[in-house]
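Please open the model in your viewer and keep the selection panel at hand. The tour below moves from one selection to the next and says what is to be found at each stop.

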Amino acid sequence: MKRRTLLKAGALAGAAASFRSIPLFAQNPIGALGQNAIDNDAILIIIQMFGGNDGLNTIIPVDDPRYVQIRPNISVKKDNVDATKRPVRILSSDMYFHPALVNGVHKNGFLGLMDAGRLAVIQGTGYENPNLSHFRSTDIWLSGLNTSDPANRLNEGWVGRMFEKNYPEFPMVIPEHPLCLQLGGSLSMLLQSDKGDMGLAIGDVDSFVKDGGTSSDSPMMGGTSNYANEYNYIRSIAAKGDAYNKVIEEAWKKGTNTTGIDFAIANGAKGSLVRQMGIISRLISGGLKTKVYLANIGGFDTHVQQQDTSNNGQHPALLNQLANAVSMFMDDAVQQGFANRVVGLTVSEFGRRPYENGSNGTDHGTTSVQFAFGTRVQANIFGANPDFSDLDRNGDLAFDMNRNIDYRRLYSEIIQTWFGGSADDSKDILKDRVVPLPYLQSPIASLNDPIMNYGNGGLRFSNDIASSNSGYLHFEVKKDCHVTIRLYDSLGKFAGNLFDSYIIAGNHSIPVDMSVHASGMYICELSTGNFRHTTSIIVRK
Amino acid sequence: METPSINRRDFLRGNLNKSKNERILNDTLSPYSYPLDRKTAAHLLRRLSFAPTLQQIDSFVGKTAQEAVTILLGDPNNEYQPANSPAWINLTTENPYGADIYTRFQIEGQWKSYHSNLQTWWVNLMIAEQTPSVEKLVHFWSNHFTTEFSYDDAYIPPQILFRQLAMFRKNRLGDFKQFVEDVTLDPGMLVYLGGNLNTNRKPNENYARELMELYTTGIGHYTEGDVKEAARVLTGWRVARYNDEPARNGIYNAYFQPTDHDTEAKQFLGRSIPARDTAFNTEYLVKTEEIRTMLDILFDVRKVAIARFVSAKIYKYFFYSNPNEDVTDFINECGDLLIQNDFKLYPLFYAMFSSDHFFNQQIIGAQIKSPTELICGFSKALKKGIANIPGNLSAMEEILIDPPTVQGWEAHHRWITTKTFPNRVKFAKDLVNTMTDDELIAFIKIYPAYDDAVELVKNLCLHLLPFLPNQDVLDKFTNITLLQNQPVYEWSDMISDKAPAVRGMKALLIEIAKNPAFQLC
């Protein structure tokens, strides 16, 4: 019973400290951590799409004739008379954006982001033995623990565990700035840990600031009764709210949004997610050192009236808001100069059944598409296209380890590449060794990184003049070190070692022969210690 | 440090010799056999009702738990439907979803105001209620059999939600199986979980799944195939929502549409429900032969799971919302009792609330108040009405009959966040500040020995908090907050002068509301 021990320790700390207690430690979440921990100023934004987003009507296999067959009423039509309502091809792939992600969206939405190298599309994400309950599946996603045993209670989120590891003294010693900030709603399980909440839920920044200062100076309570435990919990929330009130107010006042990018923060007229992303952007620009933000958008449980043949309906409206929120945020981040420190990731508990139901909607399904956004993503489409010939007994897309992407691979990539953790850190947090899906480049600001950063990553590929399928990988190391370069295919599967050796400081160009590999996108991942840089290679034959 | 006082029972059990750390919650359903004192009477009233007035506590002192619970539960066969209803409950409208946008917004706007009005009406019922305690149980069931007023981009007409509350009131202590049947065909539920769209051609699994996952067995006691089959059984039910829809059983009621019903045989939980001839495809026969049979199968094959799941739900709502493994035996005992009584709820509630377990020191004061409990309790205690009930509930994130998800409110720590906590304190502050001088003086005078400041603070804390704070806090409340550093013998003069007593009393009530214990009951 760790919780009990904690509160017991808390009672002692409270007794030792004076009345108003919670000792604040002059430590900020960014930059003050030990070796295998977070050592950069990288920020993660998670957008949770509650209800189960319909992946098949988000990134659409419109050229697959079965798509229209099984969705006669709700499919997006390639031959729609209105050109703005036709799906939009993604790069040179055979998958398409729902037009609501592109048209009528700030700077062409997801298409604009993909063209600018700021969007990764990760198809077929899910887990084995999919659970079709919203709650259980949300818990599986947020906990980062894939368990098919329903008796297994999931109480903590992977983000909560990540910080729990980095802040052993929490919550008796709390960081100067909130580690995690959730916009709206009750605090998500994502941010819970064994040691309590690692985050803060705020609705409206103005009222959070205005209504602060409500904690009394009531003393900690001794004993281990449930009453004492709950009393001390409430007391700590009150104190936390007070302490963070100040730093958030400061960031809010100092921060801004780029003139001309209107998130409608005052009235929410562009939707709640747009508003939340605007608030996040302003807080980051104001210097808030929070590491993880959680934004929410609900309504994806589209059993009914999902959309009609002219793309009117609830789902297109939600996609439209999603694309608008992300596109506006990225534009603001780039213009304000903090884009290189931020990566965003969507999560949703499941996709929806390929066959439409009788209410112009879709029922709970399995694998679906997720998005990562930021200037440091590998702008490409990952994962295999949905295969309608491989359905499980519910008629849902079957999860195939060889073709689909284990959702935890999105997280291990964040833990390792983005926050600079080791494979062991990732294993501690996810309770399993999970190979990262290389969809990110590390943030540019890792001070101890021996790899010289060119501003767009530390690794570049240049083609040979003679052949498009061979060339050189270029990088520069600041000091002698061991460097490994691995190759992964677009499913994130290991495709071979390109380099593995100790090298001296200086410039290096490693020859690469890709002629043995099949056509498609590949990711090269250079790693030294906990630092990683990636670049992509397209093989055309 | 606060030490909950050791009562005679603890002494008799030898608990004094045990360290508190080791004491686990191993009390059973055996009846609590000691007369209620002020603390235990208040505990019972806080949990099974919406916080007590001082008179209510006094009237329960000396009674046995069983006597008190009998009074609080009232007659299980009496529906206790309130005498007055909101004015709009029978008004009808056209279908806003076929209408032009102006008409649609107008109708939806009207519904939103009805929904606000419904919350106000209901919370005022809770505040006014003495005995028996009906609305607390309705509140519980409303969070078990969840319905969301605003779902997707549509709304459920509040006229239907009003009727749903009446259905909860009727079934609150009755036969749980009958209750589930009523919920299955409840118009609000049919609309909310897609039952009214569930047809033989395209079954909608939404309700079929939640029926088991959230309302009866919990997850893990059925297959995806069972969900599909249950959905087929439930095909064909429609709701008369608008005046352009057939109202075969009257407006805002459900009716059966035979052509939408799947008449083929179904296989549910390993048993079969036979196919039906179209001649027998009628509302009465489908309800009695298919839906009831399906529920009979469910309650037979999964009786243990259901009994335990429901007992655990009751436990979490009324006893403690974050129990550990210590209470598994108790929950199982409750489940057994429910099965023995063929799923009649009254014997279960009666036994649970008069049990040793309920009066255990680990239960008292351990529950975080829901916003409804907080609002009703403080309003009732102060005898002061609340101006903006829906606004306050929303600020604390409990919009009644409109939970965030079909799972309902998760309660426990989810109630207290850095967002909601300030709003909880603000509510209390605002309510205190709206009291007139005369109201405050009258409030002070309900306490025995109110002209003794020390006694007054003690009695007030006993009334508003689950346990008495420690002496340091009490001293601070008395000397700094209430007396504003005046000597204690000045208090009676301060009351005569009114203004200083009112000032001190307001400050004290706000200080109590800021104490973490105020959030607990």
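Which residues in α10(B) are buried? They are B:N206, B:Y207, B:A208, B:R209, B:E210, B:L211, B:M212, B:E213, B:L214, B:Y215 and B:T216, where buried means under 20% relative accessible area, exposed means over 50% and partly exposed lies in between, computed with a 1.4 Å probe on protein chains only. Helix α10 of chain B spans residues 206-216 and is mostly covered, with 11 of its 11 residues buried; helices here are DSSP runs of H or I of at least four residues, strands are runs of E of at least two, and both are numbered from the N terminus. Select B:G218 next, which follows α10(B) and has a positive phi near 85°.

Before going on, note that this is a predicted model, in which local features need pLDDT of at least 70 and side-chain atom pairs count only at pLDDT 80 or more, while totals for chains, interfaces and linings use all residues. Residues are numbered from 1 along each chain as its sequence is written, chains are lettered from A and ligands numbered from 1 in the order in which they are written, and side-chain values use heavy atoms, with hydrogens and water left out.

**Helix pairs in chain B**

Two packed helices are described by the angle between their axes and the distance between the axes. Select residues 38-48 (α2) and 65-73 (α4) of chain B, whose axes come within 11 Å and cross at roughly 25°; the axes are lines fitted to C-alpha atoms over the stretch in contact, and angles run from 0 to 180 degrees between N-to-C directions. That angle makes α2(B) roughly parallel to α4(B), since angles under 35 degrees count as roughly parallel, over 145 as roughly antiparallel, 65 to 115 as roughly perpendicular and the rest as oblique. The contact, meaning heavy atoms within 4.5 Å, is made by B:L44, B:L45 and B:L48 of α2(B) with B:A68, B:V69, B:L72 and B:L73 of α4(B). These residues divide into seven nonpolar, no polar and no charged, where Ala, Val, Leu, Ile, Met, Phe, Trp, Tyr, Cys and Pro count as nonpolar, Asp, Glu, Lys and Arg as charged, and the others, Gly among them, as polar.

Now select α5 (residues 101-128) and α16 (residues 371-382) of chain B, which pack at an angle of about 50° with their axes 9 Å apart and are therefore oblique to each other. From α5(B) the contact takes B:V123, B:M126 and B:I127, and from α16(B) it takes B:T372, B:I375, B:C376, B:S379 and B:K380; they divide into five nonpolar, two polar and one charged.

In the loop between α5 and α6 (135-144) of chain B, select B:P132, where the peptide bond from B:T131 is cis, with omega near -5°.

**Chain A**

Most residues other than glycine have a negative phi. Select A:L91, in the loop between β3 (88-89) and β4 (96-97) of chain A, which has a positive phi of about 45° although it is not a glycine and is partly exposed at a relative accessible area of 41%. Finish at A:K431, in the loop between α11 (423-430) and β15 (460-463) of chain A, where phi is positive at about 55° and the residue counts as exposed at 54% relative accessibility.
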